[in-house]
Amino acid sequence: MRLTDVVAVVGGFPVLAGATLTVERGEIVLLQGPNGAGKTSLLRLCAGLLAVERGTAEVLGHDLSVDRTSVRRHVGLLGHSNGLYADLTVADNVRFWGATVGASQDEVSAAMERMGLAARLAHVRVARLSAGQRRRTALACLVARRAGLWLLDEPHAGLDATGRDELDATLREAAASGATVLVASHELERAGSLATRTVEVAGGQVR
Amino acid sequence: MSTWQIARLVAAKDLRVEWRSRVVTNQVLPFAALVMVMFAFALDNDQALTRVAPGLVWLAAMFSLLVLVQRAFAVETADGALDALKVAGVRSSGIFLGKALALAAQLAVLEAVLLVAAILLYRTEVPAGGVGVLLATYVAATAGLAFVGTLYGGLAAGARGRETLLPLLLLPVVAPVLIGATRATEAALGTNDAMPSEGWPWFGLLALFAAVFGAGGALAFGSLIDD
């Protein structure tokens with residue numbers, strides 16, 4: 001993944017103002033910086049949700065300034081919201097998001113198992129889950145999607161100690177299998193020990 | 001995944017959401033039935049009710065459509081699922097067709113209930129010769145409403161004040177369906193001495209409307225829901 005002098009604009013405001021960052025496959029990179037620095041915008045740009053106004057952005061071999069939609073099927077994005085359907089069960093949600101990339105039932109079950117959801121929570125509606133359990137469900141959906149690029153915004157938020165350990169193990173496993181992982185977090189101690197590299201984001205630039 | 005595979009996946013998910021939440025059966029159906037009863041109270045004249053019954057059925061269907069479309073996109077925006085769908089990289093035409101299919105299924109049930117309510121409340125009769133045009137109208141109007149509802153629901157989904165914006169955008173656009181479906185249903189029921197054969201040109205208008213919004217929606221939906 002290679003971003004060079006990227007500018008992105010939202011509502012007339014440059015949320016990224018010349019960001020340059022290179023990340024190799026298998027790396028786990030922690031993005032740190034104050035609120036409004038551009039961490040979330042950087043993740044959304046890499047997911048193909050923000051247009052490249054200027055500069056060049058190449059993600060998983062896709063040039064985002066030419067086509068920002070074809071990269072999306074290879075991306076797993078966990079933002080501030082979880083992207084879950086509250087009236088569906090945990091299993092329904094993981095099955096649905098897994099099915100968008102053709103995941104088998106075994107892969108769906110393995111994803112739920114990985115995040116500790118396979119036993120008593122599988123058939124519980126998301127609306128009845130705690131915030132941490134919802135976060136785990138969202139992570140299980142990402143695991144089922146077998147993404148090549150993981151983009152996580154404050155992924156540890158709301159998780160208990162076990163959930164955090166499971167998340168870290170999952171991310172290390174994904175990176176070991178060749179996925180690229182970008183984590184934006186304010187929990188520097190936790191996310192820092194997970195990351196292979198830390199970069200500072202400030203004023204829409206990467207330092 | 002192909003467009004049809006995505007459409008089936010999204011439609012099954014939307015119908016499962018409705019089945020689990022029972023919003024259609026517990027809220028939208030009683031709302032539609034109430035509208036029919038209120039019309040009866042307001043007009044309070046059997047002859048007038050029989051004469052305007054086709055229009056009242058489709059007007060109640062339009063009001064219910066607004067509730068169904070709001071609901072169909074509220075489940076997508078409540079926890080950022082629409083964003084997740086965009087990132088999932090699935091074909092937007094598949095999302096459009098899937099959501100339209102699920103909406104059409106719910107509308108079909110609703111309209112059937114409204115028609116039965118009209119027959120019971122307004123003492124309307126369906127002559128044997130009008131069954132064909134009535135069924136064709138029912139299918140074409142349902143498809144048209146589902147396509148246009150999904151298209152405008154997607155357009156309003158990301159907007160501020162979408163609850164009030166949707167009726168403002170949607171009602172003028174569905175006016176041809178209201179007119180066409182009402183005239184075709186009048187012909188099917190023989191209201192005001194109309195003949196069933198007079199309904200087919202109106203069915204043609206409804207079919208054309210459904211085809212235009214079905215094709216246009218499948219093409220434009222991606223740009224509408226994207227940032």
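Student: Hi! How many residue pairs are in polar contact between chain B and chain A?

Tutor: Hello! This is a predicted model, and the count between the two chains is 9 residue pairs in polar contact, with both residues at pLDDT 80 or more.

Student: And which elements of chain B give two or more residues to the side that touches chain A?

Tutor: Those are α1 (3-21), α3 (46-77) and α4 of chain B. The largest share of that side comes from α1(B), with 7 residues.

Student: Nice. How many residues on that side of chain B are nonpolar, polar or charged?

Tutor: The side of chain B that touches chain A divides into 11 nonpolar, 3 polar and 10 charged residues.

Student: Okay, charged ones make me think of salt bridges. How many does the rule find across the interface of chain B and chain A?

Tutor: Across that interface, the rule finds 3 salt bridges. Over all chains, the count comes to 17.

Student: Which residue of chain B does A:Asp92 form a salt bridge with?

Tutor: A:Asp92 forms one with B:Arg20, and their closest N and O atoms are 2.2 Å apart. This pair crosses between chains, from helix α2 (residues 90-99) of chain A to helix α1 of chain B.

Student: And what about A:Asp87?

Tutor: A:Asp87 has a salt bridge with B:Arg71, where the closest N and O atoms are 2.9 Å apart.

Student: Let's zoom out. How many residues of each chain are in contact, and what area is buried?

Tutor: In contact are 24 residues of chain B and 25 residues of chain A. The area buried between the chains is about 2200 Å², and carbon and sulfur atoms give 58% of that.

Student: New topic! What volume does the largest pocket have?

Tutor: The largest pocket has a volume of about 370 Å³. It is lined by 24 residues, and the closest to its centre are A:Leu77, A:Leu78, A:Gly79, A:Ser81 and B:Ala84.

Student: Where do the lining residues come from?

Tutor: The elements that give two or more residues are α1 (39-46), β6 (75-78) and α4 (131-144) of chain A, along with α4 (81-87) of chain B. The largest share, 4 residues, comes from β6(A).

Student: Last one: how many of the lining residues are nonpolar, polar or charged?

Tutor: The lining of the largest pocket has 11 nonpolar, 8 polar and 5 charged residues.

Definitions and conventions
Residues are numbered from 1 along each chain as its sequence is written. Chains are lettered from A and ligands numbered from 1 in the order in which they are written. This is a predicted model: local features need pLDDT of at least 70, side-chain atom pairs count only at pLDDT 80 or more; totals for chains, interfaces and linings use all residues. Side-chain values use heavy atoms; hydrogens and water are left out. On a 1 Å grid over the protein atoms alone, a cavity is a set of points where a 1.4 Å probe fits but cannot get out, and a pocket is an open set with protein on both sides within 12 Å along at least five of seven lines; lining residues have an atom within 4 Å of a point. Grid points are joined across faces, edges and corners, and a volume is the space filled by probe spheres set on the points. Ala, Val, Leu, Ile, Met, Phe, Trp, Tyr, Cys and Pro count as nonpolar, Asp, Glu, Lys and Arg as charged, and the others, Gly among them, as polar. Contact means heavy atoms within 4.5 Å. Buried area is the accessible area (1.4 Å probe) that two parts lose on being put together, summed over both. A salt bridge is a side-chain nitrogen of Lys or Arg within 4 Å of a carboxyl oxygen of Asp or Glu. A polar contact is a pair of N or O atoms within 3.5 Å; within protein, one must be able to donate a hydrogen and the other to accept it, and residues adjacent in sequence count only if both atoms are side-chain atoms.
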